[in-house]
Amino acid sequence: MSGYPEYMQASLEKVKATRPARLEKAKAGREVIERMSLAEREEVLSGFHPDYQPDARKPIRIGHNKGEEMTSRVVDLLESYPSINPGDFDLSEPDFDTDVLIIGAGGGGCMAAIQVANAGLNSVLATKLRVGDSNSMMSQGGMQAAVNPHDNPAIHYLDAIGGGHFDNKPELVEALTMDGPMIAGYLEELGVMWDKNSEGICNTESGGGTSRRRMLSCRDYTGAEIQRVLRDEVKNHPDKITIVEYSPAVELLLDESGEAAGALLYNMETEEYTVVRARSVIMSTGGFGRLHIKGFATTNHYGATADGLVMAYHAGAKLLYMDSVQFHPTGAVYPEQILGFLITEKVRGLGGQPVNKEGELFVFPLEPRDVEAASFIRESTKRGMGVKTPAGRVGVWLDSPLIDLLSGPGTIQTTLPAMVRQFKRFGIDITQEPMLVYPTLHYQNGGIEINTDTRTTLAGLFAAGEVSGGVHGRNRLMGNSVLDYNVFGRRAGKAAAERAKTLAEREAKLSLDHVRAFRAELEDTGIPETSHAPILIPEYRNPEILKKHRKNYDPFIGRFL
Ligand SMILES: Cc1cc2nc3c(=O)[nH]c(=O)nc-3n(C[C@H](O)[C@H](O)[C@H](O)COP(=O)(O)OP(=O)(O)OC[C@H]3O[C@@H](n4cnc5c(N)ncnc54)[C@H](O)[C@@H]3O)c2cc1C
């Protein structure tokens with residue numbers, strides 16, 4: 001029995017009817033449809049990608065990137081007023097004094113903490129929710145690393161640079177791709193169980209924009225497996241790593257010479273503030289999916305509210321490529337309960353094809369993500385070839401049953417068990433029926449500018465993972481982010497520990513003067529105090545209803561005053 005409404009059945013029949021011909025082509029090893037030329041890619045991007053729309057960007061009026069065009073929603077966030085009053089805090093007696101403060105305990109933060117402990121130093125690992133509650137935990141498809149004989153880091157480098165529209169910082173891509181095979185081995189040593197064939201060789205799949213099969217995975221819950229291992233390893237060092245949960249950082253603290261020297265944490269349960277002093281600080285707070293840029297649904301976890309960008313910007317660090325947003329082509333658009341839920345690119349890597357309401361394959365399944373997403377939007381909107389949902393949304397089919405037809409019955413169940421289970425909850429069997437998809441806000445392509453040691457432009461501050469910018473240019477390829485947080489989380493831990501060792505005797509005098517200065521700059525620029533940041537947790541409750549019950553609710557900062 002179909003899990004889709006009656007009115008979608010005619011379209012589903014068409015998908016079924018065109019499947020044998022599409023399958024035959026795929027089986028013959030031929031390209032199932034021609035890839036787009038560069039000119040065609042540019043055309044679809046400029047016409048349909050949300051980043052290219054006239055109101056997508058605007059110049060920022062304050063801070064180190066002043067005058068640069070950024071995503072409009074990001075500008076609004078960065079032009080928000082700080083959420084604390086510096087005068088309320090006594091910074092003279094820190095609650096924690098440590099070598100390295102790591103802000104954010106997703107994959108990047110955990111990897112960094114392990115390296116600091118290995119260097120024999122202490123760290124505080126402060127995080128918004130629990131250790132591992134993060135995008136890293138949710139990653140599905142896998143991690144790129146050039147481990148196959150037919151591949152090498154140089155080819156991986158070219159793929160990543162091409163995918164990033166040649167905007168990537170080359171030295172960061174070199175670090176990413178050269179460290180890749182080592183990271184794959186290191187994670188395995190720590191305990192990650194990569195999918196392997198019967199001879200013990202790692203399975204590898206293709207991803208959008210990759211010229212070789214190099215995606216290592218753990219079924220379709222790669223992130224949960226890696227995060228499990230990293231979290232366990234963090235917990236193996238209780239003498240060295242102090243974990244502080246439910247305590248997001250709200251501002252960085254600087255020393256007398258303006259270098260990063262700690263942070264102010266806010267305990268979300270007790271509402272108390274904690275002062276942490278450190279010789280080095282690592283920002284690993286992840287991305288911005290929960291900003292719901294241009295009203296898009298998101299794949300991201302609830303803590304992905306761009307706090308790291310805000311804090312780093314208040315403290316004077318430079319940001320890079322904040323004009324670019326990654327919309328993943330395949331977010332669930334039906335059923336409504338899982339709107340925005342990621343359907344891993346691995347589905348297309350394994351042979352799943354995007355088809356329109358007539359069952360026609362309309363785009364090469366593995367174009368780079370931005371191109372693929374833009375062509376889904378064009379098909380669903382201008383061309384009117386999408387399928388409407390009962391909630392009034394629109395999407396295209398992702399024909400998953402092809403995977404079993406191509407690689408044998410049971411392949412979907414074995415390689416995509418989480419996806420099968422997710423859709424089964426709603427009566428949809430993805431081994432028999434396609435999924436209905438539409439682009440979803442997925443990844444922050446830009447971020448805090450770093451060098452290969454993860455040093456930012458603010459001395460004492462290091463940044464690793466999705467919060468940083470430059471590695472992926474203006475478009476990240478699948479599997480390169482899991483690699484990114486491992487490669488640069490490791491480098492950050494090592495570099496931050498090195499710096500902390502050279503400052504072993506230092507007891508910095510802490511200050512929030514930069515927050516005062518930021519506020520003054522906002523006021524001088526004439527920006528009204530209508531919003532505050534960091535926002536910590538997105539507000540989904542209706543402000544009108546909340547106001548009825550509690551008079552002192554501030555819709556701008558999203559909480560009661
Ligand atoms: C559903 C999904 C599937 C994905 N699949 C893949 C994939 O298959 N392959 C791939 O390469 N990439 C994938 N990605 C992207 C990838 O998982 C992330 O980009 C990457 O894990 C980010 O790691 P991170 O450590 O930088 O950030 P995160 O893992 O998000 O960790 C950031 C941590 O910081 C915490 N935090 C936030 N703000 C604060 C604050 N103010 N103070 C303290 N802590 C804070 C957060 O709560 C979180 O715990 C996927 C992403 C999603 C959402």
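User: Let's start with α9. How many of its residues are buried?

Analyst: Helix α9, residues 307-315, is mostly covered, with 9 of its 9 residues buried. Here buried means that 20 or more other C-beta atoms, placed from the backbone, lie within 10 Å of the residue's own. Helices are DSSP runs of H or I with at least four residues, strands are E runs of at least two, and both are numbered from the N terminus.

User: Which residues are those?

Analyst: They are D307, G308, L309, V310, M311, A312, Y313, H314 and A315. After α9 comes G316, which has a positive phi, near 105 degrees.

User: Good to know. What sort of model is this?

Analyst: It's a predicted model, where local features need pLDDT of at least 70 and side-chain atom pairs count only at pLDDT 80 or more, while totals for chains, interfaces and linings use all residues. Residues are numbered from 1 along each chain as its sequence is written.

User: Thanks! How many helices and strands are in the chain?

Analyst: The chain has 17 helices and 23 strands. Its radius of gyration, 23 Å, is close to the 24 Å from the globule rule for 561 residues, so the chain is as compact as a globular protein of that length. That radius is taken over C-alpha atoms, and the rule is 2.2 Å times the number of residues to the power 0.38. Of the 561 residues, 53% count as buried.

User: And how is the chain divided into domains?

Analyst: Domain 1 covers 6-52 + 337-438, and domain 2 covers 81-324 + 445-502; the bounds come from an automatic or database domain assignment. Their C-alpha centres lie 31 Å apart. The contact takes 22 residues from domain 1 and 22 residues from domain 2, counting two residues as in contact if their C-beta atoms, placed from the backbone, lie within 7 Å.

User: Which elements give two or more residues on the domain 1 side?

Analyst: Those are α10 (346-349), α11 (369-380) and α14 (417-424).

User: Switching to the ligand: how many residues surround it, and which are closest?

Analyst: There are 46 residues around the ligand, the closest being G104, G106, G286, G303 and G465. A residue is near if its C-beta atom, placed from the backbone, lies within 6 Å of the molecule.

User: Which helix gives the most to that shell?

Analyst: That's α15, with 4 residues. Helices α4 (107-118), α5 (135-138), α8 (222-235) and α15 (480-502) each supply at least two.

How values were computed: A residue is buried if 20 or more other C-beta atoms lie within 10 Å of its own, exposed if 12 or fewer, and partly exposed in between; C-beta atoms are placed from the backbone.
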